[in-house]
Amino acid sequence: MLQYGAMNYAVEQDNLTNDNFIRDESLDFGGIRAGEGVNSIHAYPAMFHSRLVRQLIGRYSSEGDYILDPFMGSGVSAVESAVMGRKFIGFDINPLAVLIAKVRTTPIKKDILIDTLANINGQYYDIMPTPPVFPNINFWFTQERIMSISKIITSVDSIENEDVQRFYKITLSETIRAVSQTKPNEFKLVRRKKPCQLDTITLFTTNSYKNINSLDDYYKLNKVAHTPDIQWLNTLTEAIPLEDNSISLLITSPPYGDSQTTVAYGQFSRLSLQWLNLPYDSDKKSLGCKPVAINSGVPSPTLYITLSVVSKQDLNRAMHVFAFYYDMFQCLKKIISKIKIGGHIVFVVGNRTVKGTQLPTDVISVEMLESLYCSHIETRVRLIGNKRMPSKNSPTNITGEKAPTMKYEYIVVCKRDR
Ligand SMILES: C[S@@+](CC[C@H](N)C(=O)[O-])C[C@H]1O[C@@H](n2cnc3c(N)ncnc32)[C@H](O)[C@@H]1O
């Protein structure tokens, strides 16, 4: 078992290394953006670094193998699996994440996309749209924006080719965020002081060319051998549609904690989802959304040691923390039988701080997996700098109270033994 305290101190000193716990600077990918190529289409919070995922897939799977990501987000793991000749299945509870992942993994001929864009632009000034009604629309959008977005959405809704329609929905979603009254570069919805000056249809056209070129350049160089299976699914509450012993590699970056005090993926996506008329309540269903009384249901001694410290400060927060790990363990119990004996599990996690105590999610994950007959192969530690994360979070959920987010992420590798 890992000696958490000593390891953590050594990581903070940037000089860590022991047999299976390695500070790996080669994985920092200094200066290289997390989302290259198609992974640059539409921002998403806490995205994987595509180079990291590519390396891990290469190391722990072979062509034709099945790869699973049960918390797939924007689909970096789907893209990398597809272009490396692996079969991929991924789930996410957030419908916007599912749309982004499908767009990034669906090559479309450039001519078709350019012709469609010309049609959207051609129709723009003649369309008399019926604007949607949803809560707070007038708080987040001016009347002019409501009309201009409605015009584009009316055109996009009439596109017959499903793949092309999805591509323009995601391009419009990028545009909606930029022209709304939300602060740029914030993942939560915060009203900005100065409104965006860019014209909606001009920005939509610019974003369209950016995404058309990303898709075209990428799939000229990379071929998709197996179309990824991307599903809108709640990994916690729904049945996992997979056969036992079918997955060679599970690679995932689960949420960091409950969406109230960590990254609110649903809140990040809400305005787009309201415009696209899709459900936007995923934060209420995400891991750890309901507090659970602390019980002995999670096989991790390190979790209970940590909770004993947090609960002295704030019992309610400790219950929320417990709920997150409890839900995570329920997911793992359901999924583990789907992995082949000898198959690998790669968890990319961050160790956030609650009430001044760092939660060693890397160690807790290992302990949970060991209880499910997996063995720990290694943990590599990388700087998180290239990953899109808010620079501060709100660990208390009190407006204005902020703490720096995590500096490192932990790549935990385990193997299913039986
Ligand atoms: C850290 S993000 C994954 C980011 C992803 N690796 C990427 O590259 O974009 C975690 C994801 O878990 C999803 N999630 C949270 N609870 C879930 C659940 N119960 N079932 C499925 N997905 C869930 C969130 O919507 C979010 O997209």
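A crossing of two helices is left-handed if the near helix is turned anticlockwise from the far one by less than a right angle, and right-handed if clockwise. Keep that in mind for the first pair.

What we have here is a predicted model: local features need pLDDT of at least 70, side-chain atom pairs count only at pLDDT 80 or more, and totals for chains, interfaces and linings use all residues. Residues are numbered from 1 along each chain as its sequence is written.

Some conventions. Helices are DSSP runs of H or I, at least four residues, numbered from the N terminus. Axes are lines fitted to C-alpha atoms over the stretch in contact, and angles run from 0 to 180 degrees between N-to-C directions. Angles under 35 degrees count as roughly parallel, over 145 as roughly antiparallel, 65 to 115 as roughly perpendicular and the rest as oblique.

First pair: α5, residues 110-124, and α7, residues 143-157. Their axes lie 10 Å apart, at an angle of about 135°. So α5 and α7 are oblique to each other. Their crossing is right-handed. On the α5 side, Ile120, Gln123 and Tyr124 make the contact (C-beta atoms, placed from the backbone, within 7 Å). They meet Lys151, Ile152, Ser155 and Val156 in α7. That contact divides into 4 nonpolar, 2 polar and 1 charged residues. For the classes, Ala, Val, Leu, Ile, Met, Phe, Trp, Tyr, Cys and Pro are nonpolar, Asp, Glu, Lys and Arg are charged, and the others, Gly among them, are polar.

Next, α7 again, now with α9, residues 200-221. The axes come within 9 Å and cross at roughly 45°. That makes α7 oblique to α9. Arg145, Ser148, Ile149 and Ile152 of α7 touch Thr200, Ile201 and Phe204 of α9.

Among the contact residues are Leu303 and Leu307 of α11, and Val321 and Phe322 of α12. By class, this contact has 8 nonpolar, 1 polar and 1 charged residues.

Now the domains. The bounds come from an automatic or database assignment. It gives domain 1 as 4-95 + 225-263 + 281-416, and domain 2 as 110-221. In the interface, 8 residues of domain 1 contact 8 of domain 2. The domain 1 side has 5 nonpolar, 3 polar and no charged residues.

Key. Helix = DSSP H or I, 4+ residues; strand = E, 2+ residues; numbered from the N terminus. Contact = placed C-beta atoms within 7 Å.
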